[in-house]
Amino acid sequence: MVAEVMAELAALEDPKARAVNEKHGDDHGVNLGKLRAIAKRLKTQQDLARGLWETGDSAARLLALLICRPRAFGRDDLDAMLRDSRTPKVHDWLVNYVVKKNPHSEELRLAWTTDPDPVVASAGWALTTERVAKKPDGLDLAGLLDVIEAEMKDAPDRLQWAMNHCLAQIGIEHAEYRARAIGIGERLEVLKDYPTSPGCTSPFAPVWISEMVRRQQDAKPA
């Protein structure tokens, strides 16, 4: 079954798509819409997902993350998978589609956030951002802002991006920390000059926070 799926993925390989993906650090050329269509057809198949993951092929791994059972992985499985996920898309899908739905997510969040590998640490910060938005009880938001203020400016790109997202989320979701979050963003100027397409919100935290808060207020009934 793995061989059959790999052959199907190989037939979908598009050199133009690969060229675009490689600009973002990804090494596959399969259209993600077509990948999702395969996943919809295959439905959940944990053994097949594990087999596809073990090929090491990025397209196969993305498909594996769509057809797996997130709760079926042990803590050590997910830790090993994350450390072996070196391309951004595989890393992001693993965190968002699998780890966030796994019972070990909080344990992994705590372990990963302080990991010396900045790519691993970025996964910890992504999980922290999720908690800031959905389950903030028990989080030391002031302490998180202390760490961000001290470390984000000089953090490697992937980790810096994740810390910046957390900074923005704190400012958006927690009014009592909003002024401090905006102030940190203004002082550090991280992603201030990031190119932003028309109609998209800048990832520069002060702009991001202000825009999302404005949208929330506009959405409230008069």
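Is helix α11 mostly covered or mostly exposed, and how many of its 17 residues are buried? Here are a few notes on this predicted model, starting with that helix.

1. Helix α11 is mostly covered, with twelve of its 17 residues buried. Those residues are L159, Q160, A162, M163, N164, C166, L167, A168, Q169, I170, G171 and I172. Among the elements that cover them are α9, α10 (141–151), α12 (178–188) and α13 (205–219).

2. Now to the largest nonpolar core, which has 34 residues; L63 and L94 touch the most other members. Two or more residues come from each of α1 (2–11), α3 (32–42), α4 (46–54), α5 (58–67), α6 (75–83), α7 (88–98), α8 (105–113) and α9 (118–134). Helix α5 gives the most, with seven residues.

3. If you want to look around L94, its contacts are W53, L65, L78, M81, L82, S85 and V99, leaving out residues up to four places away in sequence.

4. There is also a second, separate core of 28 residues, and its members include A181, W208, I209 and V213.

5. Finally, have a look at T87, which sits in the loop between α6 and α7. Apart from neighbours within four places in sequence, T87 is in contact with G25, D26, D27, S58 and R158.

Technical notes: Residues are numbered from 1 along each chain as its sequence is written. This is a predicted model: local features need pLDDT of at least 70, side-chain atom pairs count only at pLDDT 80 or more; totals for chains, interfaces and linings use all residues. Side-chain values use heavy atoms; hydrogens and water are left out. A nonpolar core is a set of buried Ala, Val, Leu, Ile, Met, Phe, Trp, Tyr and Cys residues joined through side-chain atoms within 4.5 Å. Buried means under 20% relative accessible area, exposed over 50%, partly exposed in between (1.4 Å probe, protein chains only). Helices (H or I, at least four residues) and strands (E, at least two) are DSSP runs, numbered from the N terminus. Contact means heavy atoms within 4.5 Å.
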